[in-house]
Amino acid sequence: MSELQQRRQEILKLYQAALDAVAGERAVSNYLTQHAIEKSFSLIAIGKAAAAMARGGMSERLRRGLLITKYGHTEPSLNPEIIQQLESGHPVPDESSLAAGRLLLEFLHELPDDEPLLFLLSGGASALVEVLPHGMSAAELAELNQHLLASGLSISEMNAQRKALSQIKGGKLIPYLKGRHCLQLLISDVPGDELSVIGSGPLIGEVENIESHIVASNDLAREAINKSTQHSIINHPGHFEGDAETLAAQFCDELLKGEPGLYLWGGESTVVLPQNPGRGGRNQHLALAAARYLSGHDNVLLLAAGTDGSDGPTEDSGALVDGGTVQRGEWEGLSAMEALQRTDAGRFLEVTGDLIQTGPTGTNVMDLVIAWKW
């Protein structure tokens with residue numbers, strides 16, 4: 001195995017260490033081990049990490065639960081006599097998202113008034129469950145979300161528009177609790193870990209009966225990388241936002257001019273999609289843009305990947321590129337520039353062997369960029 005291949009394997013292990021540290025089951029279980037719910041309780045888990053978070057919340061005191069997650073993300077091992085599971089649309093909501101909204105309200109209505117609720121929320125909830133104003137259809141909701149996803153807006157900006165429309169987002173679900181005590185545990189997938197933005201904040205408001213805690217975040221994922229290696233690390237505080245190609249240029253400029261070591265960034269980039277986009281997602285787009293700047297350098301690697309296992313509407317979580325990525329694609333008759341213009345980075349990176357596939361990870365704490373210079 002060449003030195004480059006060894007380093008590629010090592011950077012992938014660091015990425016996995018980050019995912020393990022923020023896994024939904026571990027995050028919820030760790031919190032409840034220290035802050036146990038003493039009475040019988042019910043559970044609601046919504047989001048792409050809902051199944052993993054629900055596993056972490058299982059207890060002999062759990063009476064019943066409702067789990068709403070993305071297609072293909074349910075958990076067969078959860079007892080169907082206790083946990084009812086529903087799959088719905090993501091990133092574009094569909095009729096199942098509206099069915100999930102109706103089921104959510106019915107579930108809350110049927111709970112005993114004095115029974116505590118464990119509410120587990122992770123990214124993706126904004127699309128997965130919805131209650132619309134009278135007269136609005138699922139098709140209109142899908143059209144709005146397709147526009148938002150193609151617009152280049154940040155997640156905070158998109159969720160602000162979703163909250164204005166929804167009948168349950170932005171704290172509007174709170175009245176349905178009917179004053180019962182609720183422990184809300186959240187996995188943050190937003191810059192700044194703002195509670196009101198995660199899943200569009202259905203239970204965020206000035207209410208004393210709701211106790212909210214973030215149990216996993218992008219910062220925690222990067223901290224795990226710090227603890228998993230002896231290499232020198234430059235960990236950038238805060239969370240990046242903005243155009244993927246612009247960010248790629250900034251990251252590569254610092255990497256190529258900087259000292260040897262590992263460079264860590266966390267956040268979420270954006271890509272404005274054309275009318276007929278190609279295959280890929282924001283991380284694949286950022287990685288391919290970075291590969292153009294790193295082309296010809298034999299001492300650098302850059303990984304850009306989501307933490308939820310899917311980058312855009314694909315089954316790839318991102319990509320790991322090196323100084324030979326662009327050339328490998330050109331040998332196969334492809335152009336990195338044209339792929340970026342068509343937002344078709346995934347097809348290019350599949351040919352070069354640089355795509356990363358993890359499957360559903362059970363977490364969702366935005367994206368990671370891990371670069372290495374030696």
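Visitor: Which residues does His236 touch, not counting residues up to four places away in sequence?
Guide: This is a predicted model, in which local features need pLDDT of at least 70 and side-chain atom pairs count only at pLDDT 80 or more, while totals for chains, interfaces and linings use all residues. Residues are numbered from 1 along each chain as its sequence is written, and side-chain values use heavy atoms, with hydrogens and water left out. With contact taken as heavy atoms within 4.5 Å, and with residues up to four places away in sequence not counted, His236 touches Arg222, Glu254, Tyr263, Leu264 and Trp265.

Visitor: Is His236 buried or exposed?
Guide: Buried means under 20% relative accessible area, exposed over 50%, and partly exposed in between, for a 1.4 Å probe and protein chains only. Because its relative accessible area is 17%, His236 counts as buried.

Visitor: How does Thr246 count in terms of relative accessibility?
Guide: Thr246 has its place in helix α9 (residues 244-257), a helix being a DSSP run of H or I with at least four residues, a strand a run of E with at least two, both numbered from the N terminus. Because its relative accessibility is 42%, Thr246 counts as partly exposed.

Visitor: How far apart in space are Thr246 and Asn79?
Guide: In sequence, Thr246 and Asn79 are separated by 167 residues. In space, taken from C-alpha to C-alpha, the distance between Thr246 and Asn79 is 47 Å.
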